[in-house]
Each structure stands twice: as C-alpha cells, then as structure tokens.
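Subject: Structure for you, with notes

Hello,

Here is the structure I said I would pass on. My notes on it follow below.

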Amino acid sequence: MGELSDFQVGQTVELNDGQAATVRFVGQTLFAAGGWIGVVLNHATGKNDGSVQGHRYFNCLPGHGMFVRPTAITIIDQPTPKANGRIQTKVNGEGTTKRQSLAPGKLQRESIMDAASAKRQSINAGSPTPSLKAPQFANALRV
C-alpha cells in the first residue's frame, strides 16, 4: 500500500482481494476527488473499459478496467523499459513519454550547427540569370 506518487504506468499490482492487475492510469479523475489508480485486470471482473462517465482514462477490454485508491493495492513488479528506452506513462490524464537513458553517465551530443549554416545550399555553380529582353513591338500602332 502506498501513496499516489509511488505508482507508475506499467507496474504490476495486487488488489486487496488478491487479484493481479497492471497500472494504466495514475492521477486525478473527473468522477471523484483525490488520487486514483486505473488498473487492467486479467479477468473480466472489473467495472469498466478504462472510461468512466464518458471520459476515457485508458483503454482495455470491457469489464477488465477498475479504479482503486492507492491504499487498496500493493506494487508487486516494476515495468520493464521498452527496447527504445521509452516508457509510456499517463499522469493526471495526460499522456507523456519518458526517455530513459540506456547509457547512464553519457552526455547527449550537442549541435554545432548554427541557424545560418543550416540553410540549404546548392553544391553546383550558380547559373546566370537570363537578362531581361526589351519589349519588341512587332506592329507599331498606326493612326
């Protein structure tokens, strides 16, 4: 059992009744005050599909979703980062992507190109601009 800040999307948790579930939402909701944890159950013993009162908090099969208070569940496993180093999270209903460093202690490469040199330039010699020809009047106006 813990605080709202202890939970993150992707964790495996155990409900008070012993069921295992996966966290899919952490944050405030519109249906009730306070912090809530949205979970997906392995069996259709839940109450929703990730939406409550017309507002979608996460996606799952009908009857597999449930919202619980942080004090009603226990963390039993942490999420595994995806191969690209990103973990999808949802906090306060906002979807975010967190980038996790795959090489701790490494500095990110900084750009050494300034805005002026970033312009596209031709590697070919410029072609001469054609000169403007004076208008020619083939037929002069006759009065």
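Phe31 is partly exposed, because its relative accessible area is 22% (buried means under 20%, exposed over 50%, partly exposed in between, with a 1.4 Å probe and protein chains only). The model is predicted, so local features need pLDDT of at least 70 and side-chain atom pairs count only at pLDDT 80 or more, while totals for chains, interfaces and linings use all residues. Residues are numbered from 1 along each chain as its sequence is written, and side-chain values use heavy atoms, with hydrogens and water left out.

Tyr57 counts as buried, at 2% relative accessibility.

Aromatic rings

There are seven aromatic pairs in the structure (rings of Phe, Tyr and Trp, the last by its six-membered ring, pair if their centres lie within 6.5 Å; planes under 30 degrees apart count as stacked, over 60 as edge-to-face and the rest as tilted). One of them is formed by Phe25 and Phe67, edge-to-face, at 5.9 Å centre to centre and with 70 degrees between the planes. This pair links distant parts of the chain, since Phe25 is in strand 2 and Phe67 in strand 6, 42 residues apart. Both Phe25 and Phe67 are buried.

The Phe31 and Tyr57 pair is also edge-to-face, because the ring centres are 5.9 Å apart and the planes stand at 85 degrees. Phe31 lies in the loop between strand 2 and strand 3, and Tyr57 in the loop between strand 5 (55-56) and strand 6, so the pair ties together parts 26 residues apart in sequence. One aromatic cluster takes in Phe25, Phe31, Trp36, Tyr57, Phe58 and Phe67.

Strands

The chain has nine strands and zero helices (helices are DSSP runs of H or I with at least four residues, strands are runs of E with at least two, numbered from the N terminus). Strand 1 and strand 2 run antiparallel and are joined by three bridges (two strands pair if DSSP finds at least two bridges between them). Thr12 has Thr22 in strand 2 as its bridge partner. The two strands form a hairpin with four residues between them, and Gly18 in the turn has a positive phi of about 95 degrees.

Strand 2 also pairs with strand 3, in the antiparallel sense and over seven bridges. Here Gly27 has Trp36 in strand 3 as its bridge partner. This hairpin has six residues between its strands, and Gly34 in the turn has a positive phi of about 95 degrees.

Cores

Which residues make up the largest nonpolar core? The 12 residues are Phe7, Val13, Leu15, Ala21, Val23, Val26, Ile37, Val39, Leu41, Met66, Val68 and Ile73 (a nonpolar core is a set of buried Ala, Val, Leu, Ile, Met, Phe, Trp, Tyr and Cys residues joined through side-chain atoms within 4.5 Å). Strand 1 (12-15), strand 2 (20-28), strand 3 and strand 6 (65-68) each give two or more residues to this core. A second, separate core has eight residues, among them Phe25, Phe58, Cys60 and Phe67.

Val39, from the largest core, is in contact with Val13, Ala21, Thr22, Val23, Arg24, Phe58, His64, Gly65 and Met66, leaving aside neighbours within four places in sequence (contact means heavy atoms within 4.5 Å).

The loop between strand 3 and strand 4

Asn48 sits in the loop between strand 3 (35-41) and strand 4 (51-52). Asn48 is buried, because its relative accessible area is 11%. A polar atom of the Asn48 side chain lies 2.9 Å from the backbone nitrogen of Gly50. Not counting residues up to four places away in sequence, Asn48 touches Phe58, Cys60, Leu61, Pro62, Gly63, His64, Gly65, Met66 and Phe67.

Asp49 lies in that loop as well and counts as partly exposed, at 22% relative accessibility. With neighbours within four places left aside, Asp49 is in contact with Arg56, Phe58, Asn59, Cys60, Leu61 and Pro62.

Whole chain

Of the 143 residues, 26% count as buried. Among contacts between residues at least 6 apart in sequence, 44% join residues at least 24 apart.

Regards

Terms used. Polar contact = N/O pair within 3.5 Å; in protein donor to acceptor, adjacent residues only side chain to side chain.
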